[in-house]
Amino acid sequence: RLDHCDICIVQRVAVSDPDDAARLIDRLRELSVPLYVDTDDAFHLHDDYRAADAALRRLMDAAQEVWFSTPELAKLYPDVARKARVRRNDLDPRFWRDYRNPVSPLFTDGPIRFVYMGTATHHADLQLVLPAFERLAATNPGQFILTLIGVTSTPPEAEWLEVCSLPQTARSYPGFARY
């Protein structure tokens, strides 16, 4: 119910149809409710998200602010630069045990554990970083573990790789965020 909202925040491509985006914008204007758009992905770089990206662009144009997760992502949207803000979606260190003690980068305290998580829109991103992990495995065999949570349905096989399968309910972005 929009008639009781102080603001409306649309995350990623939650509104994926351009006509739905137009209706939402019109309704928000009628109610004088400001719109904010929050995204952590460059959907225009993914062929499968063309319609969703069109809706996202329409929402961005109408938004009071557009929030990006990184400065690099914001640069990919120069047309909204005047209303762009970076709101990092970093992991909260309070979720991790012993977060106040620094981790040794020397591989002397047992295997270093890396976690890479995201929805399937990050498959191409994984392909960008895999060569670095392969080089790391060649120079430091048995010294690290990379855990994938989501990210891809076609993970490579490697002794240093653990794959955490997502339940069906976590395969859409809202379900993944809750998971």
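## Criterion and count

A salt bridge is counted where a side-chain nitrogen of Lys or Arg lies within 4 Å of a carboxyl oxygen of Asp or Glu. The model examined here is predicted. Under this criterion, ten salt bridges are found.

## The pair D47 and R50

D47 and R50 are joined through their side chains by a salt bridge, with an N to O distance of 2.7 Å. Both of these residues are exposed.

## The pair R12 and D41

A salt bridge also connects R12 with D41, and the closest N and O atoms are 4.0 Å apart. R12 belongs to the loop between β1 (8-11) and α1 (18-31), while D41 belongs to the loop between β2 (35-39) and α2 (50-62), so the pair ties together parts 29 residues apart in sequence.

R12 and D41 are both buried. The two residues also take part, together with D40, in a network of salt bridges.

## The pair D79 and R57

Between D79 and R57 there is a salt bridge whose closest N and O atoms are 3.2 Å apart. This pair links distant parts of the chain, 22 residues apart: D79 is in the loop between α3 (71-75) and β4 (84-86), and R57 is in helix α2.

Are these two residues buried, partly exposed or exposed? D79 is partly exposed, because its relative accessible area is 46%. R57 is likewise partly exposed, with a relative accessible area of 22%; the buried class requires a value under 20%.

Methods: Residues are numbered from 1 along each chain as its sequence is written. This is a predicted model: local features need pLDDT of at least 70, side-chain atom pairs count only at pLDDT 80 or more; totals for chains, interfaces and linings use all residues. Side-chain values use heavy atoms; hydrogens and water are left out. Helices (H or I, at least four residues) and strands (E, at least two) are DSSP runs, numbered from the N terminus. Buried means under 20% relative accessible area, exposed over 50%, partly exposed in between (1.4 Å probe, protein chains only).
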